[in-house]
Amino acid sequence: MTTSKIDIRGWGAVTTLGWSARESAENLLAGKVLAGDFCTSSHLINRELKAYEITYTGNPLEKAWAMIDSALTEAFSRAKLTAAEIAESCLLVGTTGGLLIRNEYEFAEIVRQNPGKESPAITCRNRGPGEVADAIARKYGINGMIMTFSMACVSSSHALVVAAQLLRQKKVRRAIVVGFEPLLNLTLQGFASLLLYDDEQCRPFCASRSGMQIGEASAAVIMEASSSSSKSKSAYRFAGGYLFNDNNSLTSAGVDGALAGNVIGQTLTAAQITPAEIVAIKAHGTGTRDNDLSEGRGLTRVFGDNLPPVVSLKGAIGHTLGAAGAVETALWLACLEEGMLPKSFGFTQIDSDLGFAPSQVNIPAKDGAYLFTFFGFGGTCTSYIIMKEH
Amino acid sequence: MNLIMSNKNKIMSSIPVVAASYLGPSLTPNLDVAWDESKLPLSPDDLVQKIMGQPMRRAGRFIKMVCCGALTCLKSVPPEELKDKKIGIFLATGLGNVDEILPFITQVFKHEGGFPSPNQFANSVSNAAAFFLAKISEIKGVVLTVSQEELSFESALWLAQSYLERGEIELALVGGCDVFTPTVADYRERMDLKPDNSRSMRMGEGSSWLLIGNTSGKKIGNILSVTLDHNPKTELSNENILSESEKIASQFTGMQNKQKTILPGFRLTDIDQSFFKNKGWKVEDYLPHCGIHPTATAYGLARSLLSGTSAFFVHCNYHAAGRRAMVVATTE
């Protein structure tokens with residue numbers, strides 16, 4: 001748990017909505033959202049699974065690096081970080097697949113160039129999830145602590161909470177938190193094999209929902225303790241966070257909502273915020289039957305009949321897995337900067353088991369507390385509150 | 001605890017080590033037993049049966065190794081000392097569940113179109129192993145999987161200390177696990193091993209764990225400091241290692257009666273044993289017992305902490321990019 005004055009100094013993102021958090025937010029708020037579609041990238045071998053694929057003219061590996069660079073450049077620019085400040089920062093990365101994109105791209109090329117032949121033995125030449133952080137640190141001259149969390153869907157949301165904890169303890173001066181997730185055959189086929197995929201559309205909290213759709217994205221969020229900020233005070237503060245690992249189920253947070261409700265409750269306690277003070281909720285909302293049931297019931301347990309507006313971004317950008325924490329935070333902050341909260345895409349009908357509809361219109365973004373929730377494989381849960389202040 | 005924070009990401013706060021365990025390629029817990037690289041990987045199923053009393057049917061090898069190593073550590077502590085304690089799990093792994101990812105991807109890429117196993121995919125997710133361990137050991141709350149190549153274990157240990165200092169947990173089960181996955185050439189490439197940046201040695205594997213924090217019971221040693229120095233220009237020469245180690249040793253009382261020992265990581269190619277011996281330091285080369293793997297540090301430290309000798313240890317390694325890590329520990 002964290003209770004601290006941690007400023008969010010900058011952010012950047014690349015999603016299917018745009019090559020910056022700002023562009024993504026503008027398109028999101030303007031309703032310029034395309035549903036997931038069949039993928040065209042050369043390394044993806046299944047053309048029957050829909051996903052949220054970022055358009056790019058180069059090869060998939062080039063695109064992956066371009067995504068990371070664009071997100072970091074935007075974040076550094078917004079934060080007005082000097083080279084010295086970048087150097088002394090720590091880097092926390094959340095990713096599921098890391099640079100497996102290289103492996104998949106190279107192997108797909110070999111297979112493509114040898115049609116009809118037996119598949120060669122596939123190798124795995126990437127250096128593990130930590131390779132992304134190492135490459136970023138080298139390229140941008142980051143000399144502080146670097147660490148990678150590879151924890152499925154909560155990888156970068158966990159990284160954000162851990163970063164805030166380390167800032168509060170004064171163990172680091174500034175934290176650059178990166179989320180990165182390219183589209184991979186591994187994850188596309190993997191979630192499809194678990195029957196968690198919706199062939200048609202991602203429909204968070206909708207009665208007709210039947211699964212998730214994966215999206216690719218990258219983002220960077222820069223945080224530092226308020227007292228050490230050398231620039232004018234940020235309008236956004238990380239007020240508190242909570243991470244928790246349950247051990248009941250590898251794939252479900254429990255559909256009664258008790259776990260989700262408890263995690264949310266602990267987060268409110270950590271941030272010293274009451275349920276009534278929450279302006280809106282950026283929900284995990286994956287579109288799977290169980291996750292949305294679990295989370296929806298958890299929200300109801302905490303907020304009862306006074307549920308604030310609930311928004312899932314996954315109907316607009318897909319489930320970006322390990323990058324979700326950083327990406328959805330950056331996108332949300334960019335929307336707040338535009339003065340509006342986005343609607344939740346993909347919803348058409350209230351699920352009677354949930355009893356609420358996610359927000360269906362853009363609404364003005366008031367000052368106050370915004371709740372973020374994420375749930376993932378392995379019983380992992382993250383939740384945190386970001387304050388929008390003058 | 002005396003906390004010192006410097007620009008070298010150094011934490012110097014003595015934290016007790018309650019228990020340790022090390023498991024290498026021979027799959028014999030806490031024992032140095034000869035092994036043959038050409039015969040790896042060995043099946044862990046007998047060990048699983050022995051430690052857990054039943055098979056782990058749905059788990060891959062990486063998950064089994066994690067659980068066997070960690071439970072060996074936990075079970076060495078009287079249960080009453082762990083009762084009602086808030087324990088956090090910090091699993092460090094450089095390469096993760098490569099043993100599950102490879103066959104899964106192979107299925108996915110089959111020319112005739114494979115349908116991959118959902119169980120295999122679920123097990124290939126990096127934090128699946130930590131989940132299984134948490135479930136078996138009935139631990140909830142802080143369960144993290146940290147991955148930073150060959151500095152993964154040091155990073156996890158550093159992070160665990162921050163949680164202990166904050167009081168969010170009372171004990172931390174910190175471990176490093178990486179498994180041998182063929183081919184040796186691919187494994188070496190995965191770890192960016194070249195003749196000029198690593199020792200010439202067999203590839204191996206391990207699952208080695210420390211239980212750190214405060215209990216009312218006995219302790220086997222202390223972690224005195226974890227330093228992660230991210231200045232690539234820092235040299236890890238014999239002289240610098242000695243100088244840094246002597247400086248650290250001088251900050252703690254009672255070191256004069258302990259055997260001062262260097263534990264060299266696999267990137268240290270020029271360790272001069274006679275140089276250190278002349279300065280009163282012993283070099284304990286643990287790598288032949290476990291082989292090179294990203295989290296070999298955990299093996300070296302656990303083995304030293306269980307050595308039964310009264311010693312002051314300094315483990316040094318660095319990342320191929322030049323970042324270095326030093327862990328200092330003592331045994332009782």
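I began with α7(A), in which A:N185, A:L186, A:T187, A:L188, A:Q189, A:G190, A:F191, A:A192 and A:S193 are buried. I took a residue as buried if 20 or more other C-beta atoms lie within 10 Å of its own, as exposed if 12 or fewer do, and as partly exposed in between, with C-beta atoms placed from the backbone. Helices (H or I, at least four residues) and strands (E, at least two) are DSSP runs, numbered from the N terminus.

I noted that this is a predicted model, in which local features need pLDDT of at least 70 and side-chain atom pairs count only at pLDDT 80 or more, while totals for chains, interfaces and linings use all residues. Residues are numbered from 1 along each chain as its sequence is written, and chains are lettered from A and ligands numbered from 1 in the order in which they are written.

**Entry 1**

Nine of the nine residues of α7(A), residues 185-193, are buried, so the helix is largely enclosed by the rest of the structure. I then asked what covers the buried residues of α7(A). The cover includes β3 (50-51) and α4 (100-113) of chain A, together with α4 (98-108) and α5 (118-124) of chain B.

I looked up A:A192, which lies in this helix, and found it buried, with 20 other C-beta atoms within 10 Å. Not counting residues up to four places away in sequence, A:A192 touches A:L49 and A:Y197; contact here requires C-beta atoms, placed from the backbone, within 7 Å. From A:A192 to A:S218 I recorded 26 residues in sequence and 22 Å in space, C-alpha to C-alpha.

**Entry 2: α7(A) against α4(B)**

At what angle do α7(A) and α4(B) pack? The angle is about 85°, and the axes are 10 Å apart. That makes α7(A) roughly perpendicular to α4(B). Axes are lines fitted to C-alpha atoms, for helices over the stretch in contact, and angles run from 0 to 180 degrees between N-to-C directions. Angles under 35 degrees count as roughly parallel, over 145 as roughly antiparallel, 65 to 115 as roughly perpendicular and the rest as oblique.

On the α7(A) side I listed A:N185, A:L186 and A:Q189; on the α4(B) side, B:I101, B:F104, B:I105 and B:V108. By class, this contact has five nonpolar, two polar and no charged residues. Ala, Val, Leu, Ile, Met, Phe, Trp, Tyr, Cys and Pro count as nonpolar, Asp, Glu, Lys and Arg as charged, and the others, Gly among them, as polar.

**Entry 3: the contact of the chains**

I next took the whole contact of the chains, with 54 residues from chain B and 47 residues from chain A. Which elements give two or more residues to the chain B side? They are α4, α5, α6 (128-137), β4 (143-146), α7 and α8 (184-190) of chain B. Of these, α4(B) gives the most, with seven residues. The chain B side has 28 nonpolar, 17 polar and nine charged residues.

**Entry 4: the domains of chain B**

Chain B is divided into domain 1 (16-213) and domain 2 (221-331), with bounds from an automatic or database domain assignment. The C-alpha centres of the two domains lie 22 Å apart. I recorded 44 residues of domain 1 of chain B in contact with 31 residues of domain 2 of chain B. On the domain 1 side, β2 (15-21), α7 (152-166), β5 (171-178) and β6 (206-213) of chain B each supply at least two residues. α7(B) gives the most to that side, with seven residues.

**Entry 5: backbone details**

Most residues other than glycine have a negative phi, and most peptide bonds are trans. Just after α7(A), A:L195 takes a positive phi of about 60°. A:L195 is found in the loop between α7 and β7 (217-225) of chain A and, with 10 C-beta neighbours inside 10 Å, counts as exposed.

Phi of B:L27 is also positive, near 60°. B:L27 lies in the loop between β2 and α1 of chain B and is buried, with 25 other C-beta atoms within 10 Å.

I found a cis peptide bond joining B:L40 and B:P41, with omega about -5°; B:P41 lies in the loop between β2 and α1 (45-52) of chain B. Another cis peptide bond joins B:P182 and B:T183, with omega about 0°. B:T183 is found in the loop between β5 and α8 of chain B.

Definitions and conventions:
Contact = placed C-beta atoms within 7 Å.
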